[in-house]
Amino acid sequence: MEAANPNVPWDRDELTVGDLAARSGVSVSALHFYERKGLIASRRTSGNQRRYRRETLRRVAFIRVSQRVGIPLADIGAALDTLPGDRTPTAKDWRRISQAWHDDLDARIEQLSRLRDHLTDCIGCGCLSLRRCALTNPHDELAEAGPGPRTLLVEGLEPDPV
């Protein structure tokens with residue numbers, strides 16, 4: 001059997017920021033941002049270069065997928081904070097996060113389904129059908145229910161303030 005080549009990134013225990021960017025599909029600047037936010041961590045070499053542990057690839061994948069479904073970075077960070085820092089997270093560790101997010105993800109799925117099903121009916125369409133428009137709110141009757149498009153929002157899944 002051939003010896004592992006130390007010049008090949010996937011044979012090393014640690015990755016440079018360039019290796020991590022190439023393997024994860026995330027830009028170097030995004031990785032630096034994630035590190036500033038405490039979502040990932042690196043150590044510095046004697047030459048002040050970043051080195052990331054191999055399991056950082058899983059963290060970055062988790063961050064990317066979570067962001068794509070609209071999970072706020074604060075929630076992603078809180079979930080990552082529950083992972084062990086002294087070892088590679090196991091399937092059990094990831095399953096615990098998944099179970100904790102189950103209800104929130106269900107609400108997000110419902111919200112996206114409502115948006116998909118009603119988008120052509122409502123957003124600035126000028127459809128002139130106030131009887132079936134999901135956004136119509138004559139005399140601001142829905143004001144007591146709170147701000148925003150009350151008929152389209154899923155309870156418990158409020159958008160982040162801008």
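Helices (H or I, at least four residues) and strands (E, at least two) are DSSP runs, numbered from the N terminus. The model is predicted, so local features need pLDDT of at least 70 and side-chain atom pairs count only at pLDDT 80 or more, while totals for chains, interfaces and linings use all residues. Residues are numbered from 1 along each chain as its sequence is written, and side-chain values use heavy atoms, with hydrogens and water left out.

**View 1. Glu110 and Arg114 in helix α5.** These two residues lie four apart in helix α5, about one turn of the helix. Glu110 forms a salt bridge with Arg114, with 3.0 Å between the closest N and O atoms. A salt bridge here is a side-chain nitrogen of Lys or Arg within 4 Å of a carboxyl oxygen of Asp or Glu. By this rule the count is six salt bridges. Side chains of opposite charge can pair when their charged atoms come close. Glu110 is partly exposed at 38% relative accessibility, and Arg114 is partly exposed with a relative accessible area of 27%. (Buried means under 20% relative accessible area, exposed over 50%, and partly exposed in between, with a 1.4 Å probe and protein chains only.)

**View 2. Asp93 and Arg96 in helix α5.** The side chains of Asp93 and Arg96 meet in a salt bridge of 3.3 Å, N to O. Both belong to helix α5 (residues 91–122), and being three residues apart they are separated by about one helical turn. Asp93 is buried, at a relative accessible area of 6%, whereas Arg96 is partly exposed at 36%.

**View 3. Glu35 and Arg50, a salt bridge between a helix and a strand.** The side chains of Glu35 and Arg50 meet at 2.9 Å, N to O. Glu35 lies in helix α2 (residues 28–36) and Arg50 in strand β3 (residues 50–53), so this pair ties together parts that are 15 residues apart in sequence. Arg50 is partly exposed, with a relative accessible area of 22%.

**View 4. The largest nonpolar core.** A nonpolar core is a set of buried Ala, Val, Leu, Ile, Met, Phe, Trp, Tyr and Cys residues joined through side-chain atoms within 4.5 Å. The largest one has 22 residues, and those with the most contacts inside it are Leu20, Leu31, Tyr34, Ile40 and Ile76. Two or more residues each come from α1 (17–24), α2, α3 (56–68), α4 (73–81) and α5. The largest share, four residues, comes from α3.

**View 5. The surroundings of Leu20.** Leaving out residues up to four places away in sequence, Leu20 touches Leu15, Gly25, Leu31, Ile40, Tyr52, Thr56, Leu57 and Val60. Contact means heavy atoms within 4.5 Å.
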